[in-house]
Amino acid sequence: MKHESLEWLAANPHYTKRFAKDVGECCRDATIKSVAAALRLDWETVKELDKEYMRAQVKKAGHPAVRQMGVDEISVEKGHRYRIVVSDLERRRAIWFGGKGKSKKDLDCFFVENGEKRNSKIKLVAMDMSQAFQNSAKEHVPNATLLFDKFHVMQKLCDALDEVRKMEYQRLIGHDRKFVKGQKYVLLRNRENLDHKGRKSLALLLKANKRLQTSYLLKESFDQFWTYRSPTWARKFFNNWKDSLKWQRLKPLEEFAAMIERHWDGIVAHLNIERIPLGFVEGLNNKIRVFQRRAYGLSDEEYLRLKVLTCMLPKI
């Protein structure tokens with residue numbers, strides 16, 4: 001018996017490649033379950049057809065050498081299980097998903113797969129302030145500029161502000177506690193994103209608690225740091241901002257300032273490099289969270305890997 005391969009058939013010979021393409025395009029915006037119900041197909045069949053479509057997307061996109069890369073980790077399951085996502089900042093797409101955690105050896109896997117020739121073309125690595133990621137980048141791309149993601153820096157500042165809020169709640173007693181209780185998101189969100197009720201709550205909170213008012217104003221004023229293009233002026237601003245902490249007894253903000261000092265070179269690198277689309281990294285993370293919620297309970301990690309690699313790619 002002779003078996004003949006037909007190029008218009010999908011990997012599953014019961015379906016054509018055109019049909020697999022249609023299924024894959026549907027799965028870009030819908031769950032496997034809803035697509036399976038609409039097309040009256042088995043759930044597993046839809047998933048495999050979607051994987052075939054995504055593999056074709058990855059193959060078509062290719063793997064050009066990256067010059068500016070972003071590194072981040074995502075949680076894949078409860079219990080602190082992580083995978084690393086590497087993205088091409090110039091082409092605005094994820095290019096690698098792997099590792100078994102977020103250690104140095106996990107990021108080393110990317111550089112080993114990428115190869116020395118491609119690694120030599122990497123000029124910039126954007127990341128959070130993970131020491132493991134820094135060590136890996138310094139070992140494999142020693143001439144690249146390390147840049148610490150602005151969003152992670154500001155998240156650390158918000159965490160410090162929230163620590164002050166918690167400390168105040170513990171310090172206060174009785175009637176004074178009611179101004180602080182339940183105000184976390186009012187305090188941490190940007191004021192322009194608050195509705196009228198939220199702004200009234202924020203004004204009442206800041207009026208009632210001087211230490212929170214001081215901390216909030218310091219957090220808001222730090223945004224000015226990112227507007228400088230001269231490291232000298234950025235340093236002057238930061239020194240003045242740090243001096244504002246004296247005698248305030250705001251230990252979480254003092255620890256944040258010490259962290260900025262330790263990672264100064266990677267943070268101030270923002271000022272010397274133009275047009276780095278770090279907002280893309282945050283957008284990519286948001287997309288990953290969306291389809292993680294959509295595929296909640298799905299244990300097929302290869303499917304998740306393909307979703308990550310294709311979520312910013314165009315349709316075939």
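The model is predicted. It holds 22 salt bridges, and three of them are picked out below.

**Leu-212**
- Leu-212 sits in helix α10, which spans residues 210–221, and with 0% relative accessibility it counts as buried.
- Leaving aside residues up to four places away in sequence, Leu-212 touches Val-164, Arg-165, Glu-168, Val-180, Leu-187, Leu-205 and Leu-206.
- Take Leu-187: it is 25 residues from Leu-212 along the chain, with 8.9 Å between the two C-alpha atoms.

**Helices α11 and α13**
- Helix α11 (residues 231–243) packs against helix α13 (residues 264–272) at about 125°, with the axes 10 Å apart, so the two are oblique to each other.
- The crossing is right-handed.
- On the α11 side the contact uses Pro-231, Ala-234, Arg-235 and Phe-238, while α13 brings in Trp-264, Val-268, Leu-271 and Asn-272.
- Sorted by class, that contact has 6 nonpolar, 1 polar and 1 charged residues.

**Salt bridges**
- Arg-165, one of the residues touching Leu-212, pairs with Asp-162 at 2.7 Å, N to O.
- Arg-165 and Asp-162 are 3 residues apart in helix α7 (residues 150–171), about one turn, and both are buried.
- Salt bridges with shared partners link Glu-44, Lys-47, Glu-48, Lys-51 and Asp-300 into one network.
- Within helix α3 (residues 43–61), Lys-51 and Glu-48 are about one helical turn apart, and their side chains meet at 3.6 Å, N to O.
- Lys-51 is buried at 7% relative accessibility, whereas Glu-48 is partly exposed at 34%.
- Arg-67 and Glu-90 bridge with their closest N and O atoms 2.5 Å apart.
- Arg-67 is in the loop between α3 and β1 and Glu-90 in the loop between β2 and β3, so this pair ties together parts 23 residues apart in sequence.

Definitions and conventions. Residues are numbered from 1 along each chain as its sequence is written. This is a predicted model: local features need pLDDT of at least 70, side-chain atom pairs count only at pLDDT 80 or more; totals for chains, interfaces and linings use all residues. Side-chain values use heavy atoms; hydrogens and water are left out. Helices (H or I, at least four residues) and strands (E, at least two) are DSSP runs, numbered from the N terminus. Buried means under 20% relative accessible area, exposed over 50%, partly exposed in between (1.4 Å probe, protein chains only). Contact means heavy atoms within 4.5 Å. Axes are lines fitted to C-alpha atoms, for helices over the stretch in contact, and angles run from 0 to 180 degrees between N-to-C directions. Angles under 35 degrees count as roughly parallel, over 145 as roughly antiparallel, 65 to 115 as roughly perpendicular and the rest as oblique. A crossing is left-handed if the near helix is turned anticlockwise from the far one by less than a right angle, and right-handed if clockwise. Ala, Val, Leu, Ile, Met, Phe, Trp, Tyr, Cys and Pro count as nonpolar, Asp, Glu, Lys and Arg as charged, and the others, Gly among them, as polar. A salt bridge is a side-chain nitrogen of Lys or Arg within 4 Å of a carboxyl oxygen of Asp or Glu.
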